[in-house]
Amino acid sequence: MSDIPANLTWERAAPPEATGPGPWIELAFGDDELVYIRETSDPETVVTTTRRKWDAFVLGVQAGEFDHFVEGVEGFEGAEGGPTPGSRP
């Protein structure tokens, strides 16, 4: 995509102990108040959202509003006081 700024710094959202190429999600925060999201297995496909919407999404994740999407996933115990994906012991 030609409208993606060339100077973005991509951050990989992966567990600290993760090795290998993933696939992982990568995020970049642009100077234009946009958040760029891509998957390592397809870096040419980039999705954008606004910083305000991204912040609202993160707050929703922290509040457990999306826990129902991972019910039944091994290792996820959600708001019941157990570990959540990405949490550290």
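Q: Is phenylalanine 69 buried or exposed?
A: Phenylalanine 69 is exposed, because its relative accessible area is 60%; buried means under 20% relative accessible area, exposed over 50%, and partly exposed in between, with a 1.4 Å probe and protein chains only. The model is predicted: local features need pLDDT of at least 70, side-chain atom pairs count only at pLDDT 80 or more, and totals for chains, interfaces and linings use all residues. Residues are numbered from 1 along each chain as its sequence is written, and side-chain values use heavy atoms, leaving out hydrogens and water.

Q: Where is phenylalanine 69 found?
A: Phenylalanine 69 is in the segment after helix 1 (51–62). Helices (H or I, at least four residues) and strands (E, at least two) are DSSP runs, numbered from the N terminus.

Q: Which residues make the nonpolar surface patch?
A: Phe57, Val61, Phe66 and Phe69 make the patch, of about 380 Å². Patches are made of residues with over 30% relative accessible area and no salt bridge; like charges are joined within 9 Å, and nonpolar side chains (Val, Leu, Ile, Met, Phe, Trp, Tyr) within 5 Å. Accessible areas come from the Shrake-Rupley method with a 1.4 Å probe, and for residues only the protein chains shown count as cover.

Q: Changing topic, how many salt bridges does a search of the whole structure find?
A: The search finds three salt bridges, each being a side-chain nitrogen of Lys or Arg within 4 Å of a carboxyl oxygen of Asp or Glu.

Q: Which residues are linked in a network?
A: Salt bridges link Arg12, Glu26 and Arg38 in a network. For arginine 12 and glutamate 26, the closest N and O atoms are 3.0 Å apart. That pair links distant parts of the chain, with arginine 12 in strand 1 (residues 11–13) and glutamate 26 in strand 2 (residues 25–29), 14 residues apart.

Q: And what of arginine 38 and glutamate 26?
A: Their closest N and O atoms are 2.7 Å apart. This pair also links distant parts of the chain, joining strand 3 to strand 2 across 12 residues. Both arginine 38 and glutamate 26 are buried, whereas arginine 12 is partly exposed at 44%.

Q: Where do arginine 51 and aspartate 55 lie?
A: Both are in helix 1, four residues apart, about one turn of the helix.

Q: Lastly, why does threonine 40 count as buried?
A: Threonine 40 counts as buried because its relative accessibility is 18%.
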